Structures are given as structure tokens and as C-alpha cells.
Amino acid sequence: MRKFRLRVATKEDVAGIRGLIEASVRGLQAEDYSAAQMDGALATVFTVDSRLIADGTYFVAFDDRDELAGCGGWSFRKTLYGGDHQIEKIAPERLDPAVDAAKIRAIFVHPKFARMGLGSLILGAAESGAVEQGFRRFEMGSTLTGVTLYALKGYREVSRVLVPVGGGEEIEVVRMVKEA
């Protein structure tokens with residue numbers, strides 16, 4: 001079993017994160033989304049959210065050989081999912097930890113590191129970071145691929161939405177919540 005280490009992502013990590021997201025989507029989501037949906041999502045929704053990096057709430061994970069293996073984080077802003085190039089409006093307003101749920105965001109694992117506990121490690125770090133800032137609830141917009149893991153970690157489905165990804169395509173995203 002490989003060991004992973006996490007650190008806060010920086011602007012210098014963006015190119016690597018982009019490549020990792022593409023490998024993750026194409027390698028792990030093909031059973032849940034069509035090629036056209038994945039192509040559209042990789043150009044819009046599954047893009048790097050530079051605000052997460054600037055806020056210091058996004059992590060990169062490396063294996064014991066210093067290979068980028070995963071990424072993900074959380075946000076104290078209203079945007080539930082997406083990145084810098086999403087079609088829908090980004091909601092940068094800050095959340096109030098006393099009443100709002102922290103947003104768990106953009107967790108991706110490279111396929112060669114799938115099912116090794118890395119997604120759980122990143123999720124745990126994101127939840128811990130949000131709790132340290134006073135949040136007691138979490139919310140996410142999960143891909144269909146991630147629902148099983150998140151349900152195992154105590155998240156429950158509350159709704160499903162179709163998210164436009166361009167070219168007339170949409171992907172189904174599952175809104176999930178959890179109490180800290």
C-alpha cells in the first residue's frame with residue numbers, strides 16, 4: 001500500500017492538476033458519462049478553480065515517489081461545483097459557518113491510485129479544514145462516480161441536477177450533505 005502526503009496547492013500546481021483531472025475523468029468516469037459529456041465537462045465544469053487555490057483550501061496529494069496522485073478541497077464560498085470555465089455563474093460570496101454548509105470541492109484521483117484510500121484521505125483533509133474554520137455541515141455536488149464513496153463516508157443524497165457542459169450536453173450531478 002502506498003503512502004500519500006498532502007499539501008496546500010499553489011499556482012505552480014495548476015498544470016499538473018489539469019492533467020490529473022483529465023486522467024481521472026477519462027479513466028474513472030467513462031461508465032457514468034458519455035465521451036461527449038466528459039469532453040464538455042473537461043472544458044467547463046471539470047476545470048481548475050483558481051479561487052480555491054488562492055483561498056488556500058485546495059490540496060494536492062503525492063505518492064511516496066513524489067508523483068501527483070490526487071487533488072481536492074473545500075470552500076467557504078457559495079459555489080458548489082465547477083471551475084474557472086464553467087457555463088453557470090460562479091457564486092464567490094462567503095458563507096457563514098454558523099448557518100451555511102462548507103462546500104466540498106473537486107476531488108479527483110488519478111486512475112492508477114484509485115481505490116487506495118486517497119479519495120478518503122483528501123475528503124478527510126477537506127472536512128477537517130472546514131471544521132477548523134467553524135463549519136459544522138458539508139455539502140457537495142458529486143459526480144455519479146463519487147456517490148458510492150461519499151455515501152460510505154456519511155453523505156446523503158438530497159437532489160440531482162443536470163449541469164450544462166457546452167455543445168448541448170449536460171452531466172448529472174448529485175447534491176449530497178453531511179453533518180460534521
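**Reading the model**

Tutor: Helices (H or I, at least four residues) and strands (E, at least two) are DSSP runs, numbered from the N terminus. This is a predicted model, in which local features need pLDDT of at least 70 and side-chain atom pairs count only at pLDDT 80 or more, while totals for chains, interfaces and linings use all residues. Residues are numbered from 1 along each chain as its sequence is written, and side-chain values use heavy atoms, with hydrogens and water left out.

Student: Is Glu-139 buried or exposed?

Tutor: Buried means under 20% relative accessible area, exposed over 50%, and partly exposed in between (1.4 Å probe, protein chains only). Glu-139 has 10% relative accessibility and therefore counts as buried.

Student: With which side chain does Glu-139 make a polar contact?

Tutor: A polar contact is a pair of N or O atoms within 3.5 Å; within protein, one must be able to donate a hydrogen and the other to accept it, and residues adjacent in sequence count only if both atoms are side-chain atoms. Here the partner is the side chain of Arg-175, at 2.3 Å. Contact in general means heavy atoms within 4.5 Å. Leaving aside residues up to four places away in sequence, Glu-139 touches several residues, including Leu-80, Ile-104, Arg-175 and Val-177.

Student: What is the strand order of the sheet?

Tutor: Two strands pair if DSSP finds at least two bridges between them. The open sheet of 7 strands has the order 1-2-3-4-5-7-6, with mixed pairing. Strand 5 and strand 7 (residues 169-179) run antiparallel and are joined by 6 bridges; Phe-138 stands opposite Lys-178 in strand 7.

Student: Where do the helices lie?

Tutor: Axes are lines fitted to C-alpha atoms, for helices over the stretch in contact, and angles run from 0 to 180 degrees between N-to-C directions. Helix 2 (residues 35-43) lies across strand 6 and strand 7, at about 70 degrees to strand 7. Within helix 2, Gln-37, Met-38, Gly-40, Ala-41 and Leu-42 are buried, and its buried residues pack against helix 1, strand 6 and strand 7.

Student: Which residues of the largest nonpolar core touch the most other members?

Tutor: In soluble globular proteins, nonpolar side chains tend to be buried together. A nonpolar core is a set of buried Ala, Val, Leu, Ile, Met, Phe, Trp, Tyr and Cys residues joined through side-chain atoms within 4.5 Å. Of the 26 residues in the largest one, those touching the most other members are Ile-17, Ile-21, Phe-46, Tyr-58, Cys-71, Phe-108 and Ile-171. Helix 1 gives the most to this core, with 5 residues.

Student: How many salt bridges are counted?

Tutor: A salt bridge is a side-chain nitrogen of Lys or Arg within 4 Å of a carboxyl oxygen of Asp or Glu. The count comes to 12 salt bridges. One of them joins Asp-55 and Arg-77 (2.7 Å, N to O). Asp-55 lies in helix 3 and Arg-77 in the loop between strand 3 and strand 4, so the pair ties together parts 22 residues apart in sequence. Asp-55, at 22% relative accessibility, counts as partly exposed, whereas Arg-77, at 14%, counts as buried. Salt bridges also link Glu-22, Arg-26 and Asp-39 in a network.
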